[in-house]
Amino acid sequence: MYKLLVRPILFNYDPEKVHHFTFKMIKFLSKIPLISVLFRSTYQVDDPKLEREVFGLKFKNPVGLAAGFDKDAKLFNELHDFGFGFIEIGTLTPKPQDGNPKKRLFRLKKDSAIINRMGFNNGGVQDAVKRLKKNKGVLIGGNIGKNKVTPNEKAVDDYTLCFDTLFDVVDYFVVNVSSPNTPNLRALQDKEPLTKLLNTLQDKNQKKPSQKPILLKIAPDVTDGQLLDIIDIIKETKIAGVIATNTTISRKGLKSNITLANETGGLSGQPLTNRSTAVIRFLSEKSNKAFPIIGVGGIHSATDALEKLEAGASLVQLYTGFIYEGPKLIKDINKALLRK
C-alpha cells in the first residue's frame with residue numbers, strides 16, 4: 001500500500017517538508033486507540049531466532065533505523081512499532097543549530113537515492129534527553145557530533161559533553177566524524193585526531209560504574225589504507241565496533257539529471273549499496289572479524305540486507321530504503337532471515 005498509494009503522493013512535495021509532515025502524522029495516528037497495535041501486528045516479526053547479542057546488548061532483531069531520520073529523538077517509540085529492533089537517534093550536538101540553508105534535501109528518484117546537506121540540524125543534546133527519559137523499552141543508539149562553529153582542535157570537548165549528557169538514556173554511542181556536511185569534520189577521521197578522540201571517550205567510559213559500547217561511523221570514501229588504519233585504531237582504543245557506512249560524496253554512475261546529481265551533500269540509497277558492502281567485507285576479512293560491524297548504505301531489499309550480513313555485518317540499519325520502500329522492508333528482511 002505504501003509504494004502504490006502513499007509514496008506517490010508524498011514524493012510530489014518537498015522532501016524536508018514531507019519528513020516533518022510524516023512525523024506529525026505518525027505521532028497523531030499513534031495516539032488513536034489500537035493504531036499502534038495495528039502497526040505492530042502488521043509489521044513486527046516476533047521470533048526468538050531473530051534475536052542477536054552484539055557488543056553486550058540484546059537486540060530483538062538485527063534491523064535498525066539509522067541516525068539522521070529521528071535526529072531529535074521525537075518519534076523513537078512510535079517508529080519502533082514498525083518492527084525495528086533498535087533506533088539510532090542524532091546526530092546530536094552540544095548546542096542547538098539550524099544546520100545548512102534550505103533547500104538541503106533532494107530525491108533522486110531515478111537512482112532510488114537521496115542527497116542531503118542538512119549539516120547536523122538538531123535541537124541540542126539536552127533537549128533530546130528530556131524525550132529519551134520517556135523511552136518505553138526501545139534499544140537506543142546515541143549518535144554524537146560537534147557543532148559547526150567548534151574548531152577541530154576543540155572537537156573532543158563537544159563529543160565528551162554529548163557523551164556525558166546522553167550516557168544514562170542511550171544503550172550505545174556512535175561517534176560521527178564522517179558526515180560530509182560539516183566543514184572539515186572528515187579531517188577527524190585521520191589517524192592521530194581520531195585516536196585521541198576515541199581514547200578520550202574510552203577513558204571517560206571506563207570511569208563510569210557500567211560502560212556503554214562506543215562505535216565509530218565511517219565514510220564509504222576512505223581508501224584501503226585508511227580502512228587498515230581504522231582497524232588499528234579500533235584495536236588500540238578498544239572501542240566496540242564500526243558502523244559502515246555514512247553517505248558518499250561520489251556521484252559515479254547516477255541516472256538522474258546532472259544538475260540534481262551534482263547538488264552538494266552526502267548521497268545515500270541504491271548507488272551506495274555495493275560500496276558499503278565492500279567496506280564491510282574488507283573490514284571483516286582484514287580484521288579477522290575482530291569487532292562487530294553495523295552495515296548501512298543502500299539497503300532497499302531483503303537481499304541487500306542479507307548480502308551485508310554475509311559480508312560480515314552483525315546488524316543492519318535502514319534510512320533511504322525505509323523512505324523508498326516503506327515499513328514493509330523491515331518485515332521482509334526479518335522474514336528472509338527466518339527462512340535461512
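Predicted model: local features only at pLDDT ≥ 70, side-chain atom pairs only at ≥ 80, totals over all residues.
View 1. Helices here are DSSP runs of H or I with at least four residues, strands are runs of E with at least two, and both are numbered from the N terminus. Val156 counts as buried, at 16% relative accessibility (buried means under 20% relative accessible area, exposed over 50%, partly exposed in between, with a 1.4 Å probe and protein chains only). Skip its neighbours within four places in sequence, and Val156 is in contact with Lys196, Leu197 and Thr200 (contact means heavy atoms within 4.5 Å). Ala313 is 157 residues from Val156 in sequence and 28 Å away in space, C-alpha to C-alpha.

**View 2. Helices α7 and α8 cross at roughly 25°.** The axes of α7 (residues 191–206) and α8 (residues 224–237) come within 10 Å; axes are lines fitted to C-alpha atoms, for helices over the stretch in contact, and angles run from 0 to 180 degrees between N-to-C directions. The two helices are therefore roughly parallel to each other (under 35 degrees; over 145 is roughly antiparallel, 65 to 115 roughly perpendicular and the rest oblique). On the α7 side, the contact is made by Lys191, Leu194, Thr195, Leu198, Asn199 and Gln202, and on the α8 side by Asp229, Asp232, Ile233, Glu236 and Thr237. Sorted by class, that's three nonpolar, four polar and four charged residues (Ala, Val, Leu, Ile, Met, Phe, Trp, Tyr, Cys and Pro count as nonpolar, Asp, Glu, Lys and Arg as charged, and the others, Gly among them, as polar).

**View 3. Eight strands close into a barrel.** Leu216 has Val242 in β10 as its bridge partner.

**View 4. Strand β6 (residues 113–116) is covered on both faces.** Ala113 and Ile115 on one side, and Ile114 and Asn116 on the other, are all buried. β6 pairs in the antiparallel sense with β5 (residues 105–108) over four bridges, and with β11 (residues 266–269), also antiparallel, over four bridges. Ala113 stands opposite Leu108 and opposite Gly269 in β11. The β5–β6 hairpin has four residues between its strands, and Ser112 in the turn has a positive phi of about 50°.

**View 5. Gly298 lies in the loop between β12 (293–296) and α11 (302–311).** Gly298 counts as buried, at 7% relative accessibility. Outside the four places either way in sequence, Gly298 touches Gly269, Gln270, Leu272, Thr273 and Asp304. Ser268 is 30 residues from Gly298 along the chain, with 6.6 Å between their C-alpha atoms.

**View 6. Ser284 has its place in helix α10 (residues 273–286).** Ser284 is buried, with a relative accessible area of 4%. Not counting residues up to four places away in sequence, Ser284 touches Lys289, Ile293, Ala311 and Gly312.

How values were computed. Residues numbered from 1 in each chain as written. Heavy atoms only, no water. Pairing = 2+ DSSP bridges.
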